[in-house]
Amino acid sequence: MSSSTVMPMSLSAACAELGRRAAQALSDKFPGNAAIPTELSLLPASKPEFGDLQVNSCLQLAKPLGQKPRDLAQLVLSSIAEHPVVAKAEIAGPGYVNVFLKDEFLAHCLGQIARDSHHGVEQLHAGKCVVVDYSSPNIAKPMHIGHIRSTIIGDALKRVFAAVGYRVVADNHLGDWGTQFGKLIVAYRLWLDEAAFARDPIGELVRLYQKFVTDEKAQADSLKLQRPTHAGDDEDDDDAGAQVTPLLASARAELAKLQQGDEENLRLWKRFVTVSLAEFDKTYARLGVSFDTVYGESHYHPRLASLVEELLQKGIAEQSRGAVVCNVDGAPAPLLIRKADGSFLYGTTDLATIEQRMRDYQPERVLYVVGIPQQLHFQQVFFVARKMGFDSSLEHISFGSMRFKDQDGNYATGSTRKGNVPLLDEFLDMATEHAAAAAKQKNAELSDEEVAEVARVVGIGAIKYNDLSRDRSQDINFDIEKALSLEGNTAPYMQYAYARLRSIARRAATEGMATADAVTITEPAERRLVRRLLDFSAAVETVARTARPHHLCEYLFDLAGVVSNFYNEVPVLKAEPTARASRLWLLDQVAQTLRHGLSLLGISVPERM
């Protein structure tokens with residue numbers, strides 16, 4: 001096909017034009033029938049023998065048009081068979097239309113992608129905004145493994161949304177306000193170890209908090225005070241009743257002073273926040289994660305009282321036994337937004353957060369990357385937000401637990417209190433140490449610096465890919481050996497596929513071999529690889545639509561498998577010069593696609609492994 005031939009600029013444009021032609025053919029035959037869309041869908045064929053694209057609309061349209069599916073398929077076939085991009089089209093089965101595209105057109109499409117700064121991903125959402133709320137650790141506590149899934153999934157979604165054109169606001173909604181700070185202020189003044197705080201500030205804050213809880217419980221026991229079963233929970237322990245220990249009474253007094261703006265208590269609270277954020281930033285830097293905004297719950301606290309009053313005035317909220325609640329249709333319980341003692345809850349803060357996000361960003365979508373147990377909470381919050389008049393898409397991006405082997409070899413979610421779940425930095429250390437040992441064993445020629453870099457890239461990548469390659473709704477049984485395996489759907493397998501491609505390119509350059517600036521398809525293996533490369537955009541767009549990154553992982557794993565088979569079917573460096581130059585260019589496109597695709601998952605690639 002010559003460059004002067006009328007040709008769509010992309011595969012998606014070709015699909016749209018063919019779909020419109022097919023729909024027009026049906027409309028010409030059955031004028032005025034509302035069942036006929038303006039464009040029939042052309043979907044990727046499930047198997048190579050079924051062509052490149054497939055039309056299955058004839059089966060759905062047969063009944064409303066009162067026709068046999070194969071008769072409709074014949075009309076579709078006649079309308080598209082002579083299109084310049086179509087090599088052949090055929091009717092299959094009960095009424096499918098299989099479409100085979102011309103090799104020259106596929107090569108043309110890949111060339112378009114190679115010259116596109118977006119790697120062929122269409123900017124379908126340009127001009128729209130999406131807010132992604134993820135990670136959300138608590139101040140004065142170390143990040144533990146429970147934060148890893150929200151952080152990894154949220155960061156991947158941030159990257160994918162940007163790739164399809166969204167203006168993304170990545171927000172880390174910190175837990176920096178609440179009853180725990182009264183306790184921490186008391187403990188800090190009573191028991192602070194300055195040297196320990198300078199050495200490990202969060203570790204010292206955790207020790208202080210735990211000492212407060214232990215000593216306060218001992219006080220309660222010595223005074224023979226009745227304690228509710230939920231005592232000690234930060235959200236609820238202010239309801240412990242009239243009988244309180246001196247320690248708990250002092251903590252409540254310090255909390256009240258903090259909430260009223262006491263200068264000294266605010267100074268301490270800000271110190272807790274500052275040292276915590278500094279430690280969090282170190283961990284985020286290791287993960288390659290960043291945020292556009294970092295607002296804690298304290299940021300919204302000044303709005304909560306007036307917000308509750310407004311909801312009461314509008315009839316969205318109502319009084320209930322001294323508290324204020326919002327009834328939620330279909331939910332087993334209302335959303336509690338002000339307790340009887342006048343304090344506010346997470347739901348109140350979430351409503352104020354939605355209000356600010358709508359005002360500041362006018363987002364089309366707002367995503368909350370939070371575990372499955374919070375499903376009811378977000379059902380309640382979203383219902384109330386819609387009654388407040390906010391019509392953006394509010395989405396709870398839920399995920400399952402990460403489980404580890406216990407002492408008996410069984411997988412369990414574990415508990416940070418019991419010490420059988422690692423802290424996040426300990427988890428990252430473990431992965432990089434395993435990766436370093438594997439790198440030394442696999443390639444003794446790597447220098448210490450190269451081993452350290454490979455260990456960082458592969459270790460962190462293994463953790464991320466092990467999570468993102470599963471449907472997020474599933475629980476994950478984490479096995480470090482499987483995650484670091486060079487076999488199967490793992491990050492190291494994908495990274496090794498990239499490193500092998502780069503090794504071929506380096507050897508070709510060293511030996512002065514020329515590389516073409518386009519591909520010429522002459523073998524079935526080349527065609528399969530080109531065809532799979534053209535599916536990258538659809539995979540990215542699927543993740544953006546569903547907020548499920550595993551679809552991109554499945555695509556990349558399949559692409560790595562296709563290129564692995566390619567090596568077995570055709571020579572590259574030993575091919576004759578024209579074919580070799582074409583195949584070197586083609587393999588470079590595969591390398592770029594693997595690197596770019598993994599980068600959308602927040603995963604780096606090493607040049608050597």
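These are my notebook entries on a predicted model of one protein chain.

**Entry 1: the whole chain**

I started with the overall picture. The chain has 609 residues, and 50% of them count as buried. I counted secondary structure next and got 21 helices and 15 strands. For the dimensions, I took the C-alpha atoms along the principal axes, and they fill a box of roughly 90 × 70 × 45 Å.

Taking contacts with a separation of 6 or more, 72% of them join residues 24 or more positions apart.

**Entry 2: surface and charge**

On charge, I have 67 positive and 78 negative side chains down in my notes. The centres of those two sets lie 3 Å apart.

**Entry 3: cysteines**

How many disulfides does a search of the whole structure find? I got zero. C326 has 0% relative accessibility, so I put it down as buried, the cut-off being under 20%. C553 also has a relative accessible area of 0% and is therefore buried.

**Entry 4: R580**

I wanted to see where this arginine sits. R580 belongs to helix α21, which covers residues 577-600. Is R580 buried or exposed? It is buried, and yet I find no salt bridge for it. The nearest side chain of opposite charge is E511, at 6.8 Å. A salt bridge needs the nitrogen and the carboxyl oxygen within 4 Å.

What does R580 contact once I leave aside its neighbours within four places in sequence? My list reads M513, V572, L573 and A575.

**Entry 5: V384**

Last, a valine. V384 is in helix α13, residues 375-387. Why do I call V384 buried? Its relative accessibility is 1%, and the cut-off is under 20%, so V384 counts as buried.

I skipped residues up to four places away in sequence and listed what V384 touches: I316, C326, V328, L335 and L351.

V86 is 298 residues from V384 along the sequence, and their C-alpha atoms are separated by 52 Å.

How values were computed:
Residues are numbered from 1 along each chain as its sequence is written. This is a predicted model: local features need pLDDT of at least 70, side-chain atom pairs count only at pLDDT 80 or more; totals for chains, interfaces and linings use all residues. Side-chain values use heavy atoms; hydrogens and water are left out. Helices (H or I, at least four residues) and strands (E, at least two) are DSSP runs, numbered from the N terminus. Buried means under 20% relative accessible area, exposed over 50%, partly exposed in between (1.4 Å probe, protein chains only). Lys and Arg count as positive and Asp and Glu as negative; His and the chain ends are not counted. Contact means heavy atoms within 4.5 Å. The place of a charge is taken as NZ of Lys, CZ of Arg, CG of Asp or CD of Glu. A disulfide is a pair of cysteine sulfur atoms within 2.5 Å.
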